[in-house]
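Biologist: I would like to learn how to read the overall build of a protein from its model. Could you walk me through it, one feature at a time?

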Amino acid sequence: MRVGDAWYRSIWRERDAARVHAIDQTRLPHAFEVFEISTLEDAVRAIADMQVRGAPLIGATAAYGVALALAARNTPEDLDDAARRLFEARPTAVNLRWALDRMKRTLATVPAGERVDAAFAEADRICDEDAQVNEAIGDHALGLIRERANGSRPVNVLTHCNAGWLATVDWGTALAPIYKAFDAGVDVHVWVDETRPRNQGASLTMWELMNHGVPCTLIVDNAGGHLMQRGQVDLCIVGSDRTTANGDVCNKIGTYLKALAAHDNGVPFFVALPCSTIDATLASGGDIPIEERGEAEVLTMAGAATQGPCRVDIAAPGARAANPAFDVTPARLVTGYVTEHGAGASIDAVSAPAPAAATAS
Ligand code: MRU
């Protein structure tokens, strides 16, 4: 997607080389910096420190982490060790497990001498497929925005956190339909939740949308309900870190409150996700491991001052804080789901390709 006049993916590999680059998301929006991931340790650190974040991008980074580990030491034990260390980097997004399982499955039958090349090739495929899948989500959900356009004012979409191209390899999930609508000439405007404590909405979603020229307005996390009561939100679209078999949606902390407000105000609430985010092994959301992050993220705020990026304290010295990073929105509050297979009212309806239409004989 667009950064100024250039086109980027969030992560990429240099042609035929064991060199992976990614955009450092801890530096945005104040600095655009690309960093290199050249070892397993780099990949683990990039995920744990959230230089890369967002469920699909965590999975893609882990896939390259496996390939880089094998490039350094190529035994089955090293593969298992790499997968274990990557798996432990962050607990909630199921795409991490999905990507590691896929890498292990692919490499299981590959002779040792071909394993490194096969690992990089599979990681490249995971990235390319992610871009295609997200673009398909955008195509399937474009109609949800287009059908709400009435010519008198923009279609107002509210989104939470960053489920844009920075959270994936390209296009994004929740933002893909917004890019598709904007590119198709639909008059669309986005309310962007700031998304405390790390402010992924303020620092990443606003940056992405503004780079693409999409009209957008930053709001504090508590403003969404008020805007919905006033009829100023036509629909909500969010992403997901893990969606369970019954359709419960785990996403960035605060998503549940937006879904409640949407339900109370009759605002449609959609979840855009690739099938790699569906965890069919869990019946419902109560069993999803919720990441607890450090107090410092709550007790301080990151920003930029005249001398450059800085953090400021926002609570009294000695204050304690709790920091659950995700919450679960029950399926009953979700109007519909959009995956690469289409849009539907239940997760079952979109978790596999639609059966081919029967031909008349
Ligand atoms: O903690 P983060 O920034 O990794 O959380 C990201 C989110 O919650 C996104 O909404 C989710 O991963 C969907 S990304 C397409």
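Modeller: Gladly! Let's begin with contacts: two residues are in contact when they have heavy atoms within 4.5 Å. Keep in mind that this is a predicted model.

Biologist: What share of the contacts with a separation of 6 or more comes from residues 24 or more positions apart?

Modeller: In the protein chain, such residues account for 74% of those contacts.

Biologist: And how many helices and strands are there?

Modeller: You will find 11 helices along with 18 strands in the protein chain. The radius of gyration is 20 Å, close to the 21 Å that the globule rule gives for 361 residues, so the chain is as compact as a globular protein of that length. Along its principal axes, the C-alpha trace spans about 75 × 60 × 45 Å.

Biologist: How do I read burial, and what percentage of the residues is buried?

Modeller: A residue is called buried when its relative accessible area is under 20%. Here, 55% of the 361 residues are buried. As for the surface, the accessible area of the chain is about 15,300 Å², and carbon and sulfur atoms contribute 51% of it.

Biologist: Which domains is the chain divided into?

Modeller: Domain 1 covers 2-130 and domain 2 covers 141-350. Their centres, taken over C-alpha atoms, are 24 Å apart. Across the two, 34 residues of domain 1 are in contact with 35 residues of domain 2.

Biologist: Finally, how many positive and negative side chains are there?

Modeller: The protein chain carries 32 positive and 46 negative side chains, with 2 Å between the centres of the two sets.

Key. Residues are numbered from 1 along each chain as its sequence is written. This is a predicted model: local features need pLDDT of at least 70, side-chain atom pairs count only at pLDDT 80 or more; totals for chains, interfaces and linings use all residues. Side-chain values use heavy atoms; hydrogens and water are left out. Helices (H or I, at least four residues) and strands (E, at least two) are DSSP runs, numbered from the N terminus. The radius of gyration is taken over C-alpha atoms; the globule rule is 2.2 Å times the number of residues to the power 0.38. Buried means under 20% relative accessible area, exposed over 50%, partly exposed in between (1.4 Å probe, protein chains only). Accessible areas come from the Shrake-Rupley method with a 1.4 Å probe; for residues, only the protein chains shown count as cover. Lys and Arg count as positive and Asp and Glu as negative; His and the chain ends are not counted. The place of a charge is taken as NZ of Lys, CZ of Arg, CG of Asp or CD of Glu. Domain bounds come from an automatic or database domain assignment.
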